[in-house]
Amino acid sequence: MFATVLKRFLEALAVLFVILTVTFFMLRAVPGGPFSREKDIPEATLKQLEAYYGLDQPVYIQYLDYLGNLLQGDLGPTFVYQGWTVNEIIASKLPVSLELGALALGIALTLGIGIGVLAAWQPGKLTDNLPMSLAMIGICLPTFVLGPLLILVFALDLQWVNVMGWNLPQDRILPALTLGLFYAAYIARLTRSSMLDVRSEDYLRTARAKGVSALRTYLVHGLRNGITPVVSYLGPAAAGLISGSFVVETIFGIPGIGQFFVQAAIDNDYQMVCGLVLFYASLIIVFNLLSDILLVWLNPKRRKA
Amino acid sequence: MSAHSAHSQSEAVAPRASAHSRSPGREAWRRFRQNPMAVGGLVIVTLIVLACIVGPWLLPHDAESQNLARGASGPSATHWLGTDILGRDLLARILSGGRISLMVGAVATTVAVCIGVVYGMISGYAGGRVDRAMMRLVEVLYSMPFTVFVILLMVFFGRQLWLIFVAIGAVEWLTMARIIRGQVLGLKEQSFVQAARCLGQGPVGIMRKHFLPNVAGIIIVYATLTVPGVMLLEAFISFLGLGVQPPQTSWGDLIRSGAESMEEYPWMLLFPSLFFALTLFSLNFLGDGLRDALDPKRGK
Amino acid sequence: MFSPASLLSTLCCLATLLLAGCGDRVTPVEKANQEGILLVGNGADPKALDPQLTTGLVEFKILTALFEGLTLANPETAEPEPGTAERWESNHDASVYTFYLRKDAKWSNGDPVTAHDFVFSYERILSPAYAAEYASMLFPIKGAREFNSGELKDFSQVGVKALDDHTLELSLVGPMPHFPTLLGHNAYFPVHPPTILAHGTMTDRHTGWSKPGQLVSNGPFTLTDWNLRQHVFLSKNPHYWDAEHVRLNGITFLPIAQNTEERAFRAGQIHITDSVPMSKRERYQQEDSPYLRMEPSLATYFYIFNTRKPPFDDPRVRRAFSMAIDRQAIIDTVTRGGEAPAYSIVPPATNAYNAPDSPIHEDVTAARKLMAEAGYPEGKGFPAIELLYNTSESHRPIAEAIQEMWQQHLGVSVELVNQSWPVYLDRRKSGDYAVARAGWFGDFNDASTFLTMWTGDSGLNHTGWSNPEFDRLILQAEQTGDPAKRQQVLREAELIFLDETPIMPIYFYNRIYLIRPEVKGWYPNILDDHPYKYIWLDASHE
């Protein structure tokens, strides 16, 4: 057991190391550097700036410095927001993104699996077609359309909630829906398809032959196997949800971490991008691990793999 | 919406005996034909593709010629679906944008699905170290800073259409690979696979004969789910400057800019979204029909 | 268990509660009106709250509330008025200024603001090691440029002297009658030396001194909270010398933009927006909205030509391109903000400036003729060129419209290329472009802020164009003490610049925003400088 955990941990470190190295050198290959300001600055000032942040050093020295700081848990300063460190930004934005992501994930799982299971119970009936059509609409409405639409109806017209912000409990509703509905639709399609696959499996027939009720067989045994594609999908999906969404955060004015992923890359904010990549990679690794563990738990046969 | 869906139809009409008496391909086609939703989907997708290919030549308006005086006007007799902010005919722009979107949707999805399926099957079948190494590579690619990657592609190769496929292809296959691997991990311990292995069937044969048919359903569903993702990703990539550039457009681009002014000029969002949704719905029914027609267990 | 009746009554109660809740709903703006808090949409997060490091308008708006320079812009006229200095005087040719600081000027921790603080601050911003992007704002001060470039090591030789605790003398390189207007810029604001030194050395850029709880300021407000992507919250500074006249209790700056901001305004979540999305402008104008403001701004939108490379090394081609577009059509259909079409670089609203008659005008026939003379009749033989712009929702449709106009009128085909800001700027600087989008926001209310950047040695001039006569006139203007004569020299310089057309002016920006009627003491103002100490909220008429 301990050996397995250690092995997986070492693998995770290797993944982080590779992705960090690639990112680090990719960033240096983008022209313009991190100090392209709205107005131009004199060459001498630029040199001083680069010297202040150690960017006048050869790239490999910068790299070693970064690794050195990283080992002490220091992701360095951002080049865009004076006085802020990458650690501070991630730490202060993470709780918001975590909350929004968890809510959206909750919506996605409840609705998605619920609809998928319901739809596959009696394929072709109204309980299949109606919810699945709704799910398709969810897929056809990108977040940048759904978000403003929800705001127009529920915030501007009905005035039930605020149009933006992250202060009151009800401020969570619309963003979580916007983010969650798309994933819900996705999960519903996956669930339905895979539930249909397992419906005809032998063990279900056996269980039913033994006199277990049809509904019980379907929900307990069917779901256990039918859920596997969703579980595989859940690793990256959860990581994506928790690392925030550029679009949803912009539309709703939410102080999450998602906007930084795009903006820092556009600004060439080296340290910020590296920090975020490490953070996101860690999420991916953790959630993929959880998803793999869940896969084994659902079907112990996989343990041999 | 009709009360009949893909599945009930195929299950009801596929007599068990005949499944063994005909060639599997013809049998699948026969089952597909008897599914009205699937056939309808196929017809509509074909019509949309044809309209996008031929339409721009037949329309009285060019997708790129502007008429600033008629900017942002609603649907009328001259401009059936209205005009955009620069007075370009929206229908012409939707059809010519459809060329880009459909091509990107088809090519990028095919590439992503092929890579994902093969990669996932190998990883799941091989298991052990190979599996772990392959899955760690997937994790590395997942975490790659996509925006930086796109900007870099643009800096080094300039603006070229094929780069869209590289950029999209690099990310879209990853989830497919994970899902297929998860399914294969379960499948390979099942009795019929064990039996095939005992009978001396090689890995390629097992993957083709036993894994592929069993994951076909999930592949098709996932592929139809990938199409909208790919089309919207194209809009983001083009926004960053790689790929399609103004005055050319695409559905994703039209929807994105239409969403900006949905209250003032609703037609600029509504019509491109309708084409987008219609295509996706049709693809979806088409996919469901294919899935049922190809499903080996339906015949049992 | 629930009976149907009890269920029904419960539902009724719930519905009543909900409805009642809706009726009593207080919008954030109504709540803020009672509390005396101004809610401002600010477009983006400030990149810093260190007044000596920032370069943008987003930061400027916050910094004018936090800090106070020697002078303060009049809220109506933007003319300099006494700020931290209660009065000042200059010598006969306006090259040496003496400022008398208020004895009661205090930092937000109660320390007095002294002339030594200003000396420290100006040394800080000019120190080469500090690498302040806007150090050049102080270059009118004698020795400042040399100290900043490292030629001069001894700051005591720079023209900044504290004659005593409350008297500051600034010696300039030459006569500069408009110098007091510069002092309202954040580059000239003082910082609190003990706070800076408590968090690092004087020239440390990246310390936490400007964080909430640490930052000490001398303006009407003080920093209470700063959270990226959420808000900057300022509250009234009780130590401010004029605190009794400050009527707001606090200001919240929200980093929201475009549609999000406009919706927030409509729903009563903010008092003032930073801008109005292009697509929304028409509707507010049609409705004759009392909220909409469109005011001339000190800023110009233009394209630059790369004059080092063909085809734009030929002034006739540049002139032809500039004559072949319909500026008014772009304003009417794309920007929709009632902007003034631009045929010159200095905005007409600039203080005391009398713009020359521009040689650039719109005339398609003449443009075609010029193209034929340059060897491209009907656009034949014209090389494939690219129009470079930075990725943005608003630059794109303008570029598309101009692309089409050039195609139709001159028969040339131009490809659009958009890049992220750093890449775009890199290409501009290295001359890797043919035509590129550009814009300039004046730093102070004087024509020179739009003209000095085009000299041959200017780092801001990416056109490759230079003209010795132009450079000479700019230098002459810098040394001319007589205001009227100086403006005349600048005017001549602009005429030369326009005649050779290294740029294509398109329009003069308007500042377009929404503001609620309860915001009082807010005046249209060309520098977009609205001193918050004069603003108050009054919702009584509603």
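Predicted model: local features only at pLDDT ≥ 70, side-chain atom pairs only at ≥ 80, totals over all residues.
Two residues are in contact if their C-beta atoms, placed from the backbone, lie within 7 Å. Residues are numbered from 1 along each chain as its sequence is written, and chains are lettered from A, with ligands numbered from 1, in the order in which they are written.

**Chain B at a glance**

- Chain B comes to 12 helices and 0 strands; helices here are DSSP runs of H or I with at least four residues, strands are runs of E with at least two, and both are numbered from the N terminus.
- The C-alpha atoms of chain B fill a box of roughly 75 × 50 × 30 Å, taken along the principal axes.
- Of the 300 residues in chain B, 54% are buried. A residue is called buried if 20 or more other C-beta atoms lie within 10 Å of its own, exposed if 12 or fewer, and partly exposed in between, with C-beta atoms placed from the backbone.
- Take the contacts in chain B between residues at least 6 apart in sequence: 72% of them join residues at least 24 apart.

**How confident is the model in chain B?**

- The mean pLDDT of chain B is 84, and 90% of its residues reach 70 or more; pLDDT is the predictor's confidence in each residue, from 0 to 100.
- Within chain B, confidence is highest in helix H5 (residues 90-126), at a mean of 93, and lowest in helix H1 (residues 6-13), at 37.
- Residues 1-21 of chain B have a pLDDT below 50, and beyond near neighbours in sequence this stretch has 47 contacts in the model.

- Ala, Val, Leu, Ile, Met, Phe, Trp, Tyr, Cys and Pro count as nonpolar, Asp, Glu, Lys and Arg as charged, and the others, Gly among them, as polar.

**Where chain C meets chain B**

- Here 22 residues of chain C are in contact with 18 residues of chain B.
- On chain C, helix H9 (278-286), helix H11 (327-335), helix H13 (395-410) and strand E14 (414-419) each supply at least two residues of the side that touches chain B.
- H13(C) gives the most to that side, with 6 residues.
- By class, the side of chain C that touches chain B has 8 nonpolar, 8 polar and 6 charged residues.

**Strands in chain C**

- E10 (residues 250-254) of chain C is mostly covered, with 4 of its 5 residues buried.
- Strand E1 (residues 37-41) of chain C runs parallel to E10(C), joined by 5 bridges, and Gly41(C) has Leu254(C) as its bridge partner. Two strands pair if DSSP finds at least two bridges between them.
- Strand E9 (residues 231-236) of chain C pairs with E10(C) in the antiparallel sense over 4 bridges, with Ser235(C) opposite Gly250(C).
- Elsewhere in chain C, 6 strands form an open sheet of mixed pairing, in the order E12-E16-E11-E15-E13-E14. E12 (340-341) and E14 of chain C stand at the edges with a single partner strand each, so one side of each is left without a neighbour in the sheet.

- Most residues other than glycine have a negative phi, and most peptide bonds are trans.
- A cis peptide bond with omega of about 5° joins Pro246(B) and Pro247(B); Pro247(B) lies in the loop between H10 and H11 of chain B.
- Pro310(C) and Pro311(C) are also joined by a cis peptide bond, with omega about 5°.
- Asp288(C) has a positive phi of about 55° although it is not a glycine, and Asp288(C) is exposed, with 7 other C-beta atoms within 10 Å.
- Thr501(C) has a positive phi near 50°, and Thr501(C) is buried, with 25 other C-beta atoms within 10 Å.
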